[in-house]
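User: Hey, can you walk me through this one? I'm new to reading structures.
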Amino acid sequence: MSERQQADEIKNITNFDRLIHEPSRLAIMAVLWASESADFKYLENTTGLTKGNLSAHLRKLEEAGYLTINKGYRETGAGGNYPLTTCALTKAGRRAFKDYRRQYLAVARQLED
Amino acid sequence: MVAGQDIDKIIKKTQRYEFLDGLREIQLGVYMALLGLTNWIIFQPFWVRFYLWLLDRTDRFTSILTAILLLAIPVLAALGVQQVMYAVRKRWLWQESGMVKPLRVVVPRWITIVSVLVLFAGLGLGLLLQPLFPNQFFIWGVLWGSTGVSFGYLLAALGQHLQLKRYVWVGILGGVGSVAMFVLPLSLGNSVLVLGLGWAVLLIGSGLLALRQTWPQVRAANSEGERDV
């Protein structure tokens, strides 16, 4: 492999969106990419993160404009209300995840070769 | 670094979530049953007599509206079942596992395209075979049989894509059963009824089995949640 090719490969890896690249946030983005929206509980169960950790990561992604967070309430049968937080990717978030995935697969293919 | 396969697993798991409890199949089964039934009704003498009576007694607009309402019944019923589905999930099934709103388009485009090609292939094959079956019913069998095979392919391919074995089996069984439509001597109305009811039995049966398997897990999770509270 030429020096130029090696340099290109290193550049591809360093070009990864670091906000998405973090494993917990990557898992969150993957869940939301596969759905129109998901609530906090589903994200918590699927990612295995603690409530505090998940909240922190969601806030970071929201600040970057990658997702929106809607806070509401859901009724329970006993007449009570539980907080219901739902998250959805923005257009920018979907684009960022799609780009990240494409970059990642390209690098993974190169590494396999 | 998180592997690409991990991301794909998470994506597939979320896509699959919508179909795990069997409620989508039940909704689809209700739709197919009513689709078959309403289309059968249109070809029945009692409906023709009623429609002519309606035309005679009321204006043209009322008669056309009545016909449209009849055809809209399957869609309205499917929407009604969907509301029930959301309520059941919100209250019981997804209370502990969380809520997900699926993407509007779940079936990958290539699967839809191939299923349409399967439909045309079936129609083409039927037209080629028609000289061998010179009876008035064959063409309806070809039409609905091809539709059934195409739908079976779509379900099986979706099941394969989402790693849902249940959908693969329902698709294959329904598709194979639909092939029988090619040779059954049924009129247009009767053939669409048989197709609709056949698929409804498969889909609702499969959905109920899945729901039965999911329910105990949901009850356990919900009662565990209540104990924690």
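Analyst: Helices are DSSP runs of H or I with at least four residues, strands are runs of E with at least two, and both are numbered from the N terminus. Chain B has eight helices and one strand. This is a predicted model, where local features need pLDDT of at least 70, side-chain atom pairs count only at pLDDT 80 or more, and totals for chains, interfaces and linings use all residues. Residues are numbered from 1 along each chain as its sequence is written, chains are lettered from A and ligands numbered from 1 in the order written, and side-chain values use heavy atoms, without hydrogens and water.

User: What pattern does chain B follow along the sequence?

Analyst: Chain B reads α-α-α-α-β-α-α-α-α. Its C-alpha trace spans about 65 × 45 × 25 Å along the principal axes.

User: And how much of chain B is buried?

Analyst: 41% of its 229 residues, with buried meaning under 20% relative accessible area (1.4 Å probe, protein chains only).

User: New topic: which residues lie nearest the centre of the second largest pocket?

Analyst: B:Phe19, B:Arg24, B:Arg104, B:Val106 and B:Val107, out of 26 lining residues. A pocket here is an open set of points on a 1 Å grid over the protein atoms alone, where a 1.4 Å probe fits, with protein on both sides within 12 Å along at least five of seven lines; lining residues have an atom within 4 Å of a point.

User: Which helix gives the largest share of that lining?

Analyst: H2(B), with five residues. Helix H2 covers 23-42, and strand S1 (100-102) is also among the elements supplying at least two residues.

Conventions
Buried means under 20% relative accessible area, exposed over 50%, partly exposed in between (1.4 Å probe, protein chains only).
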